[in-house]
Amino acid sequence: MIQQSYLPRIIDAKVAEYLQIFGAVCIEGPKWCGKTWTSLHHSNSAIFIGDPSGNFQNRQLAELSPALVLEGETPRLIDEWQEVPPLWDAVRYKVDQSHLKGQFILTGSATPNHKGILHSGAGRIAKLRMQPMSLYESGDSSGKVSLEKLCHGELSPVLTGEVDLRTLIALIIRGGWPGSLHLPLEQAALLPAEYLNAVIDDDVYRIDGVKRNTTKMRLLLRSLARNESTTATNKTLKNDIKEVDDEDIDVETVKEYLDIFGRLFITDHQPPFSTGVRSSVRVKQAVKRHFCDPSLACSLLKATPKQLLGDLETLGFLFEALCERDLKIYASSFGGTLYHYQDYQNREIDAVIELSDGQWCAFEIKLGANQIDAAAQNLLSLKKDIEHDVKGKPPAVLCVLCGMANAAYRRPDGVFVVPITALKN
């Protein structure tokens, strides 16, 4: 079911690989990020459980006879399977019966309760996480620098062109939503707002049938936006809501709502890095807060291009979120995992990519070229500290990822400099 206007996604190669290994593949991720379009690209037949046609006839059919909706040419797409959770077990059973590979592709924009699902699907159904588009996928990065090669110390110096600050702001506000790529910025900025409305007003209830205080959920989302790209704790979020919005919310409710946001893939936090870093360099066990796309934080903050031009601190956090979204997408394609680093001496590394062989690479993220020297010194200093720790494993690669540099190169001190608009997987 190849679509003529389909824009290739980095996850395509992983989907094709998994279909050769597993009986079924489940592609999860936020709504509107392109899961269905990508799945159709790899499928030969499909059924859409959320289709409202005929008074939601497909959903009723799936509820009455899950096995019946699995019939069709393979790979068969079961779109929004979580609407009828027993479909998971029906797929798992069908895979067990036939022992064939690549039979089904399931897509889901929410993780349902385990009620109604009898088996994990381990060994039969592989899960892949899909993100909104990276700059390379949307055509806003030249792709002159490969992150995979960079993580192995390979980089050929190359001019990448001038980047305008207003262009970077537009990319952050627009986000990586496939449906907004060709819209004027004013229209594209409306999509994240409607996305959040749809999720809060509809999907939160549908995930488990429990009615929640949507006003407080919106307040928590605003607090998350104010704390984008920070390691704010649940207690900090609670206090932030009290201080800024003069509303009280208990920590347990914050925890519950954060879990819901995670299950709906609204948030996509960055875990702390600790492997091989011990003794004198102790790591705080706190996640760095992120939305699945920085455009959601922009929408919640009601940030306009003019406002961000006048608030470079906020813009810096949002730019960091943009870069870390892309780093995660690129790294996952070659088995890398994205972390952040923060120790008890308040030394930080914005992004860490750990490779499958245990090597790790450190990235500082800076908006302007005038910040490159300080970022490079921070990386070199921390590497030296870790080298002096007999139990520490220093980073194999140091890199400053920036917004407004016009070239990718290696400095005399060994630190790489790469513009985000030149990066690919």
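Leu165 is found in helix α6, which spans residues 165-174; helices here are DSSP runs of H or I with at least four residues, strands are runs of E with at least two, and both are numbered from the N terminus. The model is a predicted one, in which local features need pLDDT of at least 70 and side-chain atom pairs count only at pLDDT 80 or more, whereas totals for chains, interfaces and linings use all residues. Residues are numbered from 1 along each chain as its sequence is written, and side-chain values use heavy atoms, with hydrogens and water left out.

Leaving aside residues up to four places away in sequence, Leu165 touches Leu309, Leu312, Leu315, Leu367 and Met404, where contact means heavy atoms within 4.5 Å. The C-alpha atom of Leu309 is separated by 8.3 Å from that of Leu165, although the two residues are 144 residues apart along the chain.

Two helix pairs that involve α9 were examined. Two packed helices are described by the angle between their axes and the distance between the axes. Helix α8 (residues 190-206) packs with helix α9 (residues 214-226) at an angle of about 140 degrees, their axes being 11 Å apart; axes are lines fitted to C-alpha atoms, for helices over the stretch in contact, and angles run from 0 to 180 degrees between N-to-C directions. That angle makes α8 oblique to α9, given that angles under 35 degrees count as roughly parallel, over 145 as roughly antiparallel, 65 to 115 as roughly perpendicular and the rest as oblique. The contact is made by Leu196, Asn197, Ile200, Asp201 and Val204 of α8, together with Thr214, Met217, Arg218 and Leu221 of α9. The residues of this contact between α8 and α9 divide into five nonpolar, two polar and two charged, with Ala, Val, Leu, Ile, Met, Phe, Trp, Tyr, Cys and Pro counted as nonpolar, Asp, Glu, Lys and Arg as charged, and the others, Gly among them, as polar.

Helix α9 also packs with helix α11 (residues 251-263), at an angle of about 80 degrees and with the axes 11 Å apart, which makes α9 roughly perpendicular to α11. Here Lys216, Met217, Leu220, Leu221 and Leu224 in α9 meet Val254, Tyr257, Leu258, Ile260 and Phe261 in α11, and the residues of the contact divide into nine nonpolar, no polar and one charged.

Side chains of opposite charge can pair when their charged atoms come close. When a salt bridge is taken as a side-chain nitrogen of Lys or Arg within 4 Å of a carboxyl oxygen of Asp or Glu, the count comes to 24 salt bridges. One of these joins the side chains of Arg226 and Asp245 (3.2 Å, N to O), linking distant parts of the chain, with Arg226 in helix α9 and Asp245 in helix α10 (residues 234-245), 19 residues apart. Arg226 is partly exposed, with a relative accessible area of 29%, whereas Asp245 is buried at 15%.

Arg411 forms a salt bridge with Asp373, the closest N and O atoms being 2.7 Å apart. Arg411 lies in the loop between β12 (407-410) and β13 (416-419) and Asp373 in helix α15 (residues 372-388), so this pair ties together parts that are 38 residues apart in sequence. Arg411 is buried, with a relative accessible area of 14%. A network of salt bridges, finally, links Lys31, Arg59, Glu83, Asp202, Asp203 and Arg206.

Note on methods. Buried means under 20% relative accessible area, exposed over 50%, partly exposed in between (1.4 Å probe, protein chains only).
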